[in-house]
Amino acid sequence: METLAALTEDQRDALQELMNIAMGQAAERLARLTNTMVTLSVPFIHPLIREQDNLLIPDHLRRSSMIVTRQSFLGELRGEVFVCFGSMGADKLAELLGYSDGGPAQQEELMLDVTNILSGACISGLAKQVAIQVSYDAPSILVHREESANALNELNLNEHLAMVLEIRFEVQAHQFSCDLLICITERTAGVVVRAIDRLLYEL
Amino acid sequence: MTDNKAISRETLESMLKAINMGVLLVDHDCKVLFSNHFMSINSGRSAEELVGRTLFEVFPELPEVWTRQKINSVVTLQNFAFTSWQQRPHLFNFESTRPISGLVGHMYQNCTFFPVQDADGGSLGVGLAISDTTDTAARQLELTHLNELLEEEKSAQALLIARLEEAQAQLLQSEKMAAIGQLAAGVAHEINNPIGFVCSNVNSLRRYLVDLFALLDAYEQASDEKHAQAHPELAAMRDKADYDFMRQDIDELIVESVEGLDRVTRIVKDLREFSHVDSYEWQLADLHKGLDSTLNVIWNEIKFKAQVIKRYGDIEPIECMGSQINQVFLNLLINASHAVGVDGEIIINSGREDGGVFVEVVDNGHGIPLDIQNRIFEPFFTTKPVGMGSGLGLSLSYSIIVKHHGRLTVESEPGRGSCFRAWLPLRQPQVQAHATSAVEGC
């Protein structure tokens with residue numbers, strides 16, 4: 001099986017297109033959910049990196065991440081999504097998701113909700129286009145740090161293929177951004193590659 | 001399982017009812033459509049009481065705005081939603097499932113919200129699956145608590161180790177000092193005896209000589225010219241011995257010897273005072289006396305290197321452990337003498353300040369580099385070559401001054417010199433002074 005790392009430029013463009021469609025659908029649903037204007041930036045896909053044990057994470061993530069959450073997606077496509085929040089967390093979205101006070105437990109819960117919504121949107125969008133079923137487990141907090149330094153370096157990870165999606169939200173007047181790191185197990189990444197090839201063939 | 005028709009609706013329903021976790025089905029308006037045994041048992045309401053009402057009527061503990069938005073998000077996004085016991089421990093206000101052994105009052109729950117579709121694939125509502133995590137939560141909370149205790153203990157131990165290190169350093173140095181002190185006291189004692197009788201002999205000798213010379217004078221006066229002519233050898237002997245000079249010189253020799261003996265006696269006394277085998281207790285002491293005796297002890301080390309200028313102020317005796325304070329002076333003076341080069345100058349200032357007294361040892365030596373100024377009081381920190389300095393002198397001085405409730409500070413400018421300043425209170429706080437002296441006494 002070819003790894004995602006070996007994607008051609010065309011294949012990369014196609015993957016970008018797949019994610020664009022997925023995020024577009026996610027934005028539309030989020031807008032309906034919150035009854036507000038939601039603008040999701042076109043996700044920027046960083047070069048795909050394949051690493052044995054650690055994530056070669058872009059520098060801006062290393063600097064800014066305070067809290068990292070994770071959520072698994074299971075099925076024919078398996079892997080985990082990591083969401084890196086900055087120091088602000090997801091506070092801007094609290095009211096829209098029905099949170100009232102700003103206690104630490106609620107902030108965490110809010111971030112888990114955002115993780116769930118974002119990974120659901122991305123992975124379900126992707127899964128739908130490659131016509132497979134995925135399920136999810138509950139999201140959880142992976143790293144919670146006062147100081148941001150190298151929060152992501154300590155993770156001990158299994159072999160995987162990673163792609164980093166940088167996503168910017170704009171909800172009403174508030175800008176909010178976080179980064180999604182989608183890691184797909186080596187064994188199931190072929191599903192995505194085949195879907196990409198099909199997409200390219202159909203063009 | 002292959003034949004779906006074999007499993008009737010009723011069978012599925014009874015399975016859902018019997019399953020050992022909470023199952024609820026609600027419509028878009030949060031009205032309960034289905035509820036299982038688990039929910040009835042834990043809420044104390046029968047399924048009939050629950051079905052047909054909104055979640056908020058039957059579970060008033062649920063925050064309405066948040067719950068509605070949660071249900072709404074599941075319907076809109078057709079995606080799961082979750083709550084975890086860690087962030088939202090008691091979604092439903094159920095009693096603990098460890099009624100006897102658990103220390104927790106309420107059931108901890110994880111909850112999954114999932115979209116439920118009707119037979120045509122349309123959205124029917126939202127299912128809630130509630131699992132009991134009380135046992136896990138209780139264990140986890142216990143572990144967290146234990147971990148906190150361990151962390152506390154760890155930091156307490158680190159503190160202890162630091163104090164132990166300090167105590168050990170002090171012990172090492174005070175053992176060394178005690179040995180030197182004993183040696184000094186022994187030598188002083190051995191010298192003291194012979195010096196004692198030499199002193200008294202010299203004094204007797206002086207008296208005898210006075211008498212002897214008086215006798216000679218009397219003889220001289222008694223002899224007349226005739227007698228001198230009869231014994232010319234007497235005059236020859238007198239000239240040969242240079243009698244006049246001898247008489248004069250003997251006086252000077254005696255005076256010098258007495259002075260020399262005084263000096264030896266003083267050094268012996270200073271040695272005894274410095275080693276102060278007996279002064280490991282709090283008493284009133286004159287710091288100037290301590291400074292002088294310390295200077296005498298190390299005079300040999302300093303005298304060719306630096307000129308010592310004393311600028312003593314008017315200070316009263318303070319309550320301190322004399323031998324320990326002398327040790328501080330010794331360390332500061334030795335360090336100053338090591339620091340100075342040609343034209344070395346060591347100035348000792350003293351005076352009153354802030355209800356206490358201060359002593360400054362100022363040198364015009366090479367100074368202390370800025371980057372190590374905050375380390376010089378650390379045990380084992382030394383800039384001297386291996387074997388020359390133990391790195392204990394200043395750290396010990398520091399701890400001695402702190403034990404006296406005083407302050408030891410340093411101001412230094414590389415290339416210009418350093419000023420070490422010890423400030424000490426006139427009297428020690430009551431309780432601590434006694435407690436420390438008890439420890440010292442051991």
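In this predicted model, 15 residues of chain B are in contact (heavy atoms within 4.5 Å) with 25 residues of chain A. Chains are lettered from A in the order in which they are written, and residues are numbered from 1 along each chain. Local features need pLDDT of at least 70 and side-chain atom pairs count only at pLDDT 80 or more, whereas totals for chains, interfaces and linings use all residues.

**Area between the chains**
- Chain B and chain A bury about 1700 Å² between them, with 54% of it on carbon and sulfur atoms; buried area is the accessible area (1.4 Å probe) lost on putting two parts together, summed over both.
- On the side of chain B, the residues that lose the most area to chain A are B:L77, B:F82 and B:Q87, which together make up 38% of what that side buries.

**Salt bridges and elements**
- Two salt bridges are found across the interface of chain B and chain A, where the rule asks for a side-chain nitrogen of Lys or Arg within 4 Å of a carboxyl oxygen of Asp or Glu.
- A salt bridge joins the side chains of A:D113 and B:K70, at 2.6 Å from N to O.
- Elements giving two or more residues to the side of chain B that touches chain A are α5 (64-77) and β3 (81-83) of chain B, as DSSP runs (helices H or I, at least four residues; strands E, at least two) numbered from the N terminus.
- The largest share of that side, eight residues, comes from α5(B).

How values were computed:
Side-chain values use heavy atoms; hydrogens and water are left out.
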